[in-house]
4 protein chains.
Amino acid sequence: MEEYVQEIELEGHIIDSLILPKVLDTIMDLGGDFEILDIKVGKRKTDTSYARILVKASSKELLQHILQELHKLGANIPQVASVDLKPAPKDCVLPDDFYSTTNHRTFIYLNGELIEVENIKMDGVIVVDPKRKKAYCRTIREIKKGDLVVVGNRGILVKPEERPRHYTIFNFMESNVSSERPNYNIIRYVAEEIYNVKRNGKKIVVVAGPAVVHTGASEDLATMIREGFVDVLFAGNALAVHDIEYQLFGTSLGMDLKTGRTTRFGHRNHLRAINEVMKAGSIENLVKSGKLKSGIMYECIKNKTPFVLAGSIRDDGPLPEVITDVVEAQKEMRKHLKNCGLVLILATMLHGIATGNLLPSYVKTVCVDINPAVITKLIDRGTAHAVGIVSDVGLFLKALVKELKLLTSSIH
Amino acid sequence: MEEYVQEIELEGHIIDSLILPKVLDTIMDLGGDFEILDIKVGKRKTDTSYARILVKASSKELLQHILQELHKLGANIPQVASVDLKPAPKDCVLPDDFYSTTNHRTFIYLNGELIEVENIKMDGVIVVDPKRKKAYCRTIREIKKGDLVVVGNRGILVKPEERPRHYTIFNFMESNVSSERPNYNIIRYVAEEIYNVKRNGKKIVVVAGPAVVHTGASEDLATMIREGFVDVLFAGNALAVHDIEYQLFGTSLGMDLKTGRTTRFGHRNHLRAINEVMKAGSIENLVKSGKLKSGIMYECIKNKTPFVLAGSIRDDGPLPEVITDVVEAQKEMRKHLKNCGLVLILATMLHGIATGNLLPSYVKTVCVDINPAVITKLIDRGTAHAVGIVSDVGLFLKALVKELKLLTSSIH
Amino acid sequence: MEEYVQEIELEGHIIDSLILPKVLDTIMDLGGDFEILDIKVGKRKTDTSYARILVKASSKELLQHILQELHKLGANIPQVASVDLKPAPKDCVLPDDFYSTTNHRTFIYLNGELIEVENIKMDGVIVVDPKRKKAYCRTIREIKKGDLVVVGNRGILVKPEERPRHYTIFNFMESNVSSERPNYNIIRYVAEEIYNVKRNGKKIVVVAGPAVVHTGASEDLATMIREGFVDVLFAGNALAVHDIEYQLFGTSLGMDLKTGRTTRFGHRNHLRAINEVMKAGSIENLVKSGKLKSGIMYECIKNKTPFVLAGSIRDDGPLPEVITDVVEAQKEMRKHLKNCGLVLILATMLHGIATGNLLPSYVKTVCVDINPAVITKLIDRGTAHAVGIVSDVGLFLKALVKELKLLTSSIH
Amino acid sequence: MEEYVQEIELEGHIIDSLILPKVLDTIMDLGGDFEILDIKVGKRKTDTSYARILVKASSKELLQHILQELHKLGANIPQVASVDLKPAPKDCVLPDDFYSTTNHRTFIYLNGELIEVENIKMDGVIVVDPKRKKAYCRTIREIKKGDLVVVGNRGILVKPEERPRHYTIFNFMESNVSSERPNYNIIRYVAEEIYNVKRNGKKIVVVAGPAVVHTGASEDLATMIREGFVDVLFAGNALAVHDIEYQLFGTSLGMDLKTGRTTRFGHRNHLRAINEVMKAGSIENLVKSGKLKSGIMYECIKNKTPFVLAGSIRDDGPLPEVITDVVEAQKEMRKHLKNCGLVLILATMLHGIATGNLLPSYVKTVCVDINPAVITKLIDRGTAHAVGIVSDVGLFLKALVKELKLLTSSIH
């Protein structure tokens, strides 16, 4: 059910004078609901008390009706005033006093109406199209001269995601990231979450670093793609090159993945893999030509699973499919994050942080890394449903794939 | 085959004058063998050259014979002089200028004979019993007034372990510890090593930290003990307490290991587990009484696998079996390390370093930890056969047990 | 001012019926104070509301008087019932259902009186002496047969430390440990805290690992001791040995601290330092003999600053002053923690955790370590005033000493 | 003095038949020099011996003359054959069997002449211009159809940098990265190295991550730029944005750097800083307009110190000066690395690895990071003169600037 909400404030002798119970009764009597966000009770008869209440209704009309009644009871209804808008003075330039977004679900009031900001992300700004009654979260580079940008704090409603009350991996763990957890059992819950997100018609986005290949888990990620558990893959040039090197020559940066041994002359294989793609013209052509027959990139192309390979200054090559302009790459990533239900970040700080920057706080996030400090950085961004797993990504993926298969077979 | 060795030096126009080839021929002709340790060739006719050669023979007598012949060819045979000995002035006090041992295989010359130092470890001293022609590595606390202690550097032969030329996990990996390795395949090699060490009649010593329980791997370590892959267990009070807490109450420090969730009032379980052991009088009694029916400590007691629980100042309790005096605990650990072929260090820096301090360099060492810095500290002690695996110890043990079972069933 | 407190509960139509404001007025009118711990307001007229209130008074008598009045107003005053006590069945054995302590300030009700538990620490139990009206926190090893131990949860009041509202280093920082903080400025606040704790007549306990010497900071810690900023030093054998090695021979584990270079034959210096102490009979004798003229241990002995050197199984030697029995060492440490105002933990996980286990939650804790995971482990124990600094301990101590000197000179 | 070198091999009864001494004499008699790279002496009269010798001469002509004489003595002179060349079949495509470069100084033989490969880096290829007798190291993206690319291994001479024999910070430290070093003293040596590199007319390149600002060291880096100790600055968008945010608003990502406290509404400052630059049109304009008056970017612009801001997908904004195309950014970085004598990498893995990929092995490298694993990754690339310092970058830079000032004043 869609929900329309408004925060109100009560101040004064609201307890002694029985205003508080009257307000609550009114809301309930009219068919609304409420949540007490904050309550402070005055210490002495002469002190005033204070309550901040979120009023909820199932339609805009009902919400408006309730608010009118509460107003009569003396409730202070802040922010019913519309947001303030100013035009952008130039392309890529914001009016001073612009409002900077969080990654929480955000609404604006515009002429008495509550409009959700689309495509919310952290550190963006809100551009409003008053005619179409639409509000968009934009980056500074997307701003065009004349865009109507929200300024100040008026008329904005931010709704942090509530932590779920029932048991999920996203709230059962103590807040701190720890390497001393029963990961084997936790992986089972991750598998279930992935399964449920898919069943609910949301997308699974996997963000993978090159360690996935180095740790010998490329077959496992390839299996996840083939079995339909990956809707989009975000990675860099290195993941693709190492994957292709491994498929063509059995090594990853010259290390034999069967033995962990560095092979003689093996370091050439890295550049040889790049050259094979260059000869074919693209990864896709290499698959079509029959030369690349397995692996992560192969499965993406065979199963038409979209992928974004974002460039970085560490890249060798890079491969033709790599988007070398970072602003373009961000745009492409953001496009694919729509309707995303769960992000699985596998051993990559750069791509993980980049993805985190683009995500609303209500998207579930699972981070796997051997370094707890990386996980702390990745999940510490106001995400409501984040779980960090300090583990070897190779052993993690092997166990995850096993659990996903068990789940699938137990259901079919 | 036992091998007797002596280093010799040649200096002068040994190449021009054909002394070098004559020396080498003589050694081979008399049935010995040699290794050229160092060779420097003079730049000009007038410059002298230099060679350092290790002469090897299958008996003391043969070695003496060869050395006599080489002496005639002008070879300088250093260190045939006996070691210098001085009596310890007091209990626990060394003569000044004592020789401080390395962890490499060490021999002393005593009246023309080469005697291996028994029980070698790092940072010990050598005490000689000339009558019984024996040499022992001792710690300073073990020194008794009047003990004959080796002083200076004369008459000592240190033989660092040669790195094996053929392929093993102990030499195939680049020197640096890395979290980006195909651990799944490396675990297979670890399993093979364990299997081979057992077959060769050497002991496997497992040194385990409490994370083994926290990460949900106590069943796996218990299985290894039951299946006979552990000859001695070194651990602290915490491992035993967490293991028993988990077996009795399903939690580890109050965390439910099935879900990773902290249970309400669960923190009491820690002290309850200790109290159960205290009531029984010992872990052994708790097993005998039928109250402790599974887990790591249970399997140790059932299978009569010796264990050393060494105390630390972090301990709660500690349990009756814990050796609370650290000097006593070290002695007990060292006793159990005799004939040890492989040490498996699982997620413990304190007990791992303590064990490393007591080990000769030729014992194989496998270290598993989530923190690469811990592994670097543990394996960086001149050990010839050490491998560090950066991994989640829970997933590691699960995979290791699987591989050990495959090996066992494939062989039977 | 000493404060006496009691939690009460109100339930029912406490807002509609104006009971809540009456209760609050009564408390204030009688000269008490209160804090609303929890308030839940019923949604409908027919729903009941609930409030949990902490009543505060300056004397036991006043508290009792207020509670009697509130009782008449219908307040539910829980836990006025005395604690339940059972005798310990044997030495070192607890009655089942014992109460396991937290590290927060804890009180018990005994025959209508509120008694603070002395020497509170985590995971202890409470032993009551009803005649002397005293309650003590004890470890299981300290329990004697017949001791009256608190069982169940009745009659216990736990008061977590409130986070201070004003600005201190202990509450200004985000919860997560981070390596990206302006440590230079934070060190200034640490210096001020140390200064203030001293001025308030509380003790500063420094817990130091051997890295203090390795990183070249032994002079700085020595200065802190000499200048009176350290009241007790907790450390292990290694700190003392490395400090003495450095003072006598200029190296630390054989590394020349002026250059960071490993010196030839330097590894002997470690055992030489131990032998010098053994010859003298003790560290104190080595100072008295004039051989040890500077450094951390020297300053402790010269300034009669107490120190506890607790043994561990890693120890070489250990030195005569080291307490090799860990249970004895814990007792000694706990003795010195009385009246401690601030603990400074410098690069040691073992001794840091051991100290943390013994500390009440209201003692200020500053942890410095290069590894964020160590800090997370150390400060994540319900401590109200803890700050973690991810830094090189050598550079940290140098900067801290500079700030302490500035403070001292600016005040004198 | 320029040095021309050639490796030769001797095999057979070279010791018995006195060929080895004759070869060495010949080289010395003709005015050349040599280095014995490898020598293996046959065990029996019938076994052959082997020597690999590097012949050195002060001119190409002399080298050729010596080699001719040695050839007569039976020396095997490998690789005098020219390199094999094949044209690139397409833009960005290499001939199969291309030679993949290391980062060591590399020469090719071309028609009897030894030519140094310009601009050497790891994982590049060698393109030869036979007419101009030039060889260049190129990346695959730089290859144009028809470029003559070296294939196979023939005719290539790789000269790994020799480790210096005298004492420098780059060789005095044990190989492993450790957090337990006397960094304060090591910083003094780093300051001296920087001083000497500058005096020798080589460039200092500083590669800096945003932690430089977060840890409160922007003033220190600004000072280094102002005092002329930085010739080029490599960084990302974040460093510039945080620096400008700090200069304009006193915060870094909203954290007050004086106190380490997160300021209310401070998170807006990040985007405000970007917007200020966007309004001005560029960082340079912001300086010219007088709005940006201090800090890292200010000093770069005031002192005309070149900087490369390379884009990454994490970037907010990014600022106009940021090169958003990563291939362009790499090119720009590589251009600035010519004549670089020392690279100082400050708390950045991404930019550090990118720079390392572009560097010849003989450039001195100093890496500072709080995470030892990052340093291991950064310096473990065959660099001859690399030193890793595990430290808080804020305290490091403060101490470095102090030492640089002491050096400067002591010399003037």
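Two bridges link S13(A) with strand S14 (residues 255–256) of chain A, and the two run antiparallel. Strands here are DSSP runs (E, at least two residues) and helices are DSSP runs too (H or I, at least four residues), numbered from the N terminus; two strands pair if DSSP finds at least two bridges between them. One of the residues involved is Ser252(A), whose bridge partner in S14(A) is Met255(A).

A word on the model: it is predicted, so local features need pLDDT of at least 70 and side-chain atom pairs count only at pLDDT 80 or more, while totals for chains, interfaces and linings use all residues. Residues are numbered from 1 along each chain as its sequence is written, and chains are lettered from A and ligands numbered from 1 in the order in which they are written.

**Where chains D and A meet**

Now for chain D: 36 of its residues are in contact with 36 residues of chain A (contact means C-beta atoms, placed from the backbone, within 7 Å). Helix H8 (267–280), helix H11 (326–336) and helix H12 (349–358) of chain D each give at least two residues to the side touching chain A. H8(D) provides the largest share of that side, eight residues.

Terms used. Two residues are in contact if their C-beta atoms, placed from the backbone, lie within 7 Å.
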